[in-house]
Amino acid sequence: MGRKRLLPGLTIKDGFTRHPFDVEHGVQTSGLVSGRHLGTGHAHDRHSTAYYGIAPSVFRELCARWRSTSLVAPSQDYTFIDFGAGMGRAMLLAARMPFREVIGVELNPVLAATAQKNIDKWNLSARARCPMRIVCQDAIEFEFPATPCLAYMFNPFREPVIKSLIRHMESSFARRPGQLDVLYANHEFADLFEKNQRWARLWAGPIPLSAEDDAADREILNNQPDGEYEASSEEPSSIFRLTGQHKEAKRL
Ligand SMILES: C[S@@+](CC[C@H](N)C(=O)[O-])C[C@H]1O[C@@H](n2cnc3c(N)ncnc32)[C@H](O)[C@@H]1O
């Protein structure tokens, strides 16, 4: 029986380097896979950016910023949803916090299968503080649960998909204003939320990477054979709330 072929970007010759998060926890979330290698046959494939796991320090800080906003319910009542979950690094980090549930939505079945293995390890080692599951589907097809929700995105897809996802979020939460917040890391298309009257920006700014994450990212990105992506010591990010009201009328 032959060995399964790895996605481009996950082999040593492609410059694959393990992130310290994986070394510490014995999971598999490292690697950089360009969007053009993530094809699944879905019409949205061409809007996919890339697979790359979030710097843990950035994710923790973004969640801390969110917790310091005025939440409509205790954070343990929220369902956390990672749109474009990849191999699940952010899901694993989120499950260390007491959410009601952590859900990952991932279009690519190979990445989703790796995320499932990581989830199994997290559960076995009792590191998860809440239930976790990964669904292999397009972000727009996701049906939101009837709880307050915290959606998270690490720049997973380009404008056409973000626009459709925003519309899907607005119709899903039309009757429950305030129950959906969005964490958007590396927020390339944040203006789509900014200029939309139904959304309020709760916070925006650059989040610096820890020294360890910065060094790891630089090593990983310096090892790319074609130097397609650049390292940065901070991640421009924002947090939005779907108020459903016009900006002038809203009270947060
Ligand atoms: C930058 S990675 C995010 C990794 C992970 N969220 C994290 O923070 O560690 C973006 C992921 O979005 C996925 N993706 C792209 N388009 C998608 C879509 N339409 N629906 C669901 N997932 C999608 C890609 O396959 C890729 O794994």
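Author: Helices (H or I, at least four residues) and strands (E, at least two) are DSSP runs, numbered from the N terminus. The model is predicted.

Reader: Where does that place Asn155?

Author: Asn155 lies in the loop between E6 and H5. Its phi is near 35 degrees, a positive value in a residue other than glycine.

Reader: Why does Asn155 count as buried?

Author: Buried means under 20% relative accessible area. Asn155 has 9% relative accessibility, so Asn155 counts as buried.

Reader: What is the phi of Ala126?

Author: Phi of Ala126 is near 60 degrees, again positive in a residue other than glycine. Ala126 sits in the loop between helix H4 (109-124) and strand E5 (132-136).

Reader: Why is Ala126 called exposed?

Author: The cut-off for exposed is over 50%. Ala126 has a relative accessible area of 65%, so Ala126 is exposed.

Reader: What makes the span of helix H5 agree with its 14 residues?

Author: H5 covers residues 159-172. At 1.5 Å a residue, its 14 residues should span 20 Å. The end C-alpha atoms are 20 Å apart, so the two agree.

Reader: What covers the buried residues of H5?

Author: The cover includes strand E3 (79-83), strand E6 (149-154), strand E7 (180-185) and helix H6 (191-194). It also includes strand E8 (199-208) and strand E9 (234-242). Among the buried residues of H5 are Val161, Leu165 and Met169.

Reader: How many residues does helix H2 have, and which of them are buried?

Author: H2 (residues 56-67) has twelve residues. From first C-alpha to last, H2 reaches 17 Å, close to the 16 Å expected. Its buried residues include Phe59, Leu62, Cys63 and Trp66.

Terms used:
Residues numbered from 1 in each chain as written. Predicted model: local features only at pLDDT ≥ 70, side-chain atom pairs only at ≥ 80, totals over all residues. Heavy atoms only, no water. Expected span 1.5 Å × (residues − 1). Buried < 20%, exposed > 50% of the residue type's maximum accessible area, 1.4 Å probe, protein only. Contact = heavy atoms within 4.5 Å.
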